[in-house]
Amino acid sequence: MTESSDRPAASDGTTQPQEPDRLRDMVRSPGYLKALVLSGLIGIPISLAAFWFLAGLHELEHVLWSDLPQALDWDTPPWWWPLPLLLVAGVIVGLVVTHLPGAGGHIPIAGLRAGGPSAAALPGVVIAAAASLPFGAVLGPEAPLIALGGGLALAFRNLVRAPATAQSTVLLGAAGSAAAISAIFGNPLVGAVLLIEAAGVGGPQLFAIMLPALLSSGVGALVFTGFGRWTGLDTGSLALKFAQSSPRLDTGDVVWSILMAVVLGALVHLVHAGGRLTAAFVAANTFGRTVVCAVAAGGCAALYAAITGRSPEEVASSGQATLTELASHPHAWGVGALLAVLLFKSAAYAICLGSLRGGPIFPALFLGAAMGVLLSPLPGLGVVPGMAAGMAAAATAALRLPVCSVVLVVLILGSSDTIPVVILSAVTAFVVTELLPPGPATGATASPSQ
C-alpha cells in the first residue's frame, strides 16, 4: 500500500495530506532548514548580547541604589531618593519616545510580543530600558529582552543577506526572542513556553483545550497525592525524590489558595485598568506626561518609605531583589509593611505600565508573593504554598498566560510539591480576569496575551 493511499480523499477525488505529512514536507523544505540553521547560529551572539545587557542594567541599578547612597553616608537610600531618579528616567524615556524610531518599544500594558522591531528601532529600545529599569521603574526586563533578541535576529539575517521571507521573519524573530528571554529566567523552557503562548499559536482553540487540561491535571495531582497518603500505597511515578523535605499540602492550602487567586486576579486586573488609563493620559502629551507619570511613580515609593521607615527600593524597581529577600526572611515583614508595599507598589506598577518601558512579569510576581506572605497566618495556609499560589495567580492575571505562569513559578520555587496549588491558582486567576470587564482601551495594539 502506498503512502498516499492512507490519506483521506477530498471532495474532488484527490487525497489530502495528513498533519504528519504536512509537517514532514515543511521540515524538508530548503527554506525552513536554512532558517533553522540560522536560528541555531544566531542564538550565540544574541545570548551574549542579552547577558551583557542584563549585566549592565544590574550594575547601573546597584550604583544608583547602593553605591551612590553609601558614598553620601546613607546606609539605605533616603525616602526622597526615587524622585530625582525617576525624573531623569521620565525625561530620557519621553525624549526616546518622541524622537527615536520605534518609540523605545511598545508600552508595557500592551503585553509581551514575540518577534522584534527593526534594526533602526533597537537603539531606542535599549536606551528606554536602560533609563527605566535601573532608575526605579516598577517593571521587569523581559519585554526589552524579547524586543532586543528578535530585533538582533532580523538584523543578523539582513547582515548575511538571507532571504527575507514571511516565514523566516516569524521563525527568526521568535528564535531570537527565545534566546534572549532565557537569559533572565535562567531556563530555556520558560522562554519557549512563554513565546508559544504569547504568540497565540493555535489561537483561542488552544486556550480552550489547554485550560481544562491544566485544571484537571492539578486536581488529579491533589487526588493522587492525598489518596496515596491515606492508603499508604504507591502507584509509581517519574518524579524524583530529593532529601530536602518540602511542606505537605493540606485542605487549608488548597482552599485559601483558590480564594487568594480570586482576590489577586481582581487586584491585578484593577492595576492593569490603571495602566490603560495612564497610557491614554500619556498619549495626549507624550513627553510632558511621561515625565509626570515617572515622578508620580517615584512619589509612590517615597511615600512608602516615609510612612514605613523602610527602603524606597522595595516599591521602586522590578521587585526581583526584594522578592528574594521576602522569600528568605518572610517574618521580617510586619502586616503594616506588607499592606503598604501592596498598596504603593500596585499604584506605581499601574503608572509605569502605561508610561515607561519594561515588562510586566516581575512586579506581578512580587505582588503575588507579598499577598501570600500576608495571608500565610490564616489557618492551614503555609508561607511556601501561599507564596507559590500568590505568584502563580498574579503572574497569570498580568500575562493571561496560565501555562507559562505555572512553569515559571514551579521553576522559581525549585520544587514540584506545590504544583497542584500553583495550577489551581493560575486557572482561577485566569478565569476571574476573563470574567471581569476588560476596562478602558489604551489605543495601542495589544498582544495575544492581553
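Trainee: How many salt bridges does the count come to?

Mentor: A salt bridge is taken here as a side-chain nitrogen of Lys or Arg within 4 Å of a carboxyl oxygen of Asp or Glu, and by this rule the count comes to 2. This is a predicted model, in which local features need pLDDT of at least 70 and side-chain atom pairs count only at pLDDT 80 or more, while totals for chains, interfaces and linings use all residues. Residues are numbered from 1 along each chain as its sequence is written, and side-chain values use heavy atoms, with hydrogens and water left out.

Trainee: Which residue forms a salt bridge with Arg310?

Mentor: The partner of Arg310 is Glu314, and the closest N and O atoms of the two are 2.9 Å apart. To describe their cover, a residue is called buried under 20% relative accessible area, exposed over 50% and partly exposed in between (1.4 Å probe, protein chains only). On that scale Arg310 is partly exposed at 24%, whereas Glu314, at 8%, counts as buried.

Trainee: Which residue forms a salt bridge with Arg400, and where does Arg400 lie?

Mentor: Arg400 pairs with Glu434, with 3.5 Å between the closest N and O atoms. Arg400 lies in the loop between α14 (383-399) and α15 (402-413), and Glu434 belongs to helix α16 (residues 419-435), so the pair ties together parts that are 34 residues apart in sequence. Helices (H or I, at least four residues) and strands (E, at least two) are DSSP runs, numbered from the N terminus. Here it is the arginine that counts as buried, Arg400 having 8% relative accessibility, while Glu434 is partly exposed at 46%.

Trainee: How many of the residues of α16 are buried?

Mentor: Helix α16 is mostly covered, with 13 of its 17 residues buried. From its first C-alpha to its last, α16 reaches 24 Å, close to the 24 Å expected at 1.5 Å a residue, where the expected span is 1.5 Å times one less than the number of residues. Thr428 is found in this helix and, at 19% relative accessibility, counts as buried. Contact means heavy atoms within 4.5 Å, and, leaving aside neighbours within four places in sequence, Thr428 is in contact with Ile258, Ala261 and Val262. Thr428 and Gly265 are 163 residues apart in sequence, yet their C-alpha atoms are 8.0 Å apart in space.

Trainee: Which residues of α3 are buried?

Mentor: An α-helix has 3.6 residues a turn, so residues three or four places apart point the same way. In α3 the buried residues are Pro82, Leu85, Leu86, Ala89, Gly90, Val93, Gly94, Val96 and Val97. They cover an arc of only 165 degrees around the axis (taken from the directions from the axis to the C-beta atoms), which puts them on the same side of α3. This helix (residues 82-99) has 18 residues and reaches 25 Å, close to the 26 Å expected.

Trainee: What does the protein as a whole come to in secondary structure?

Mentor: The secondary structure comes to 16 helices and 0 strands, and of the 450 residues 48% count as buried. Among contacts between residues at least 6 apart in sequence, 79% join residues at least 24 apart.
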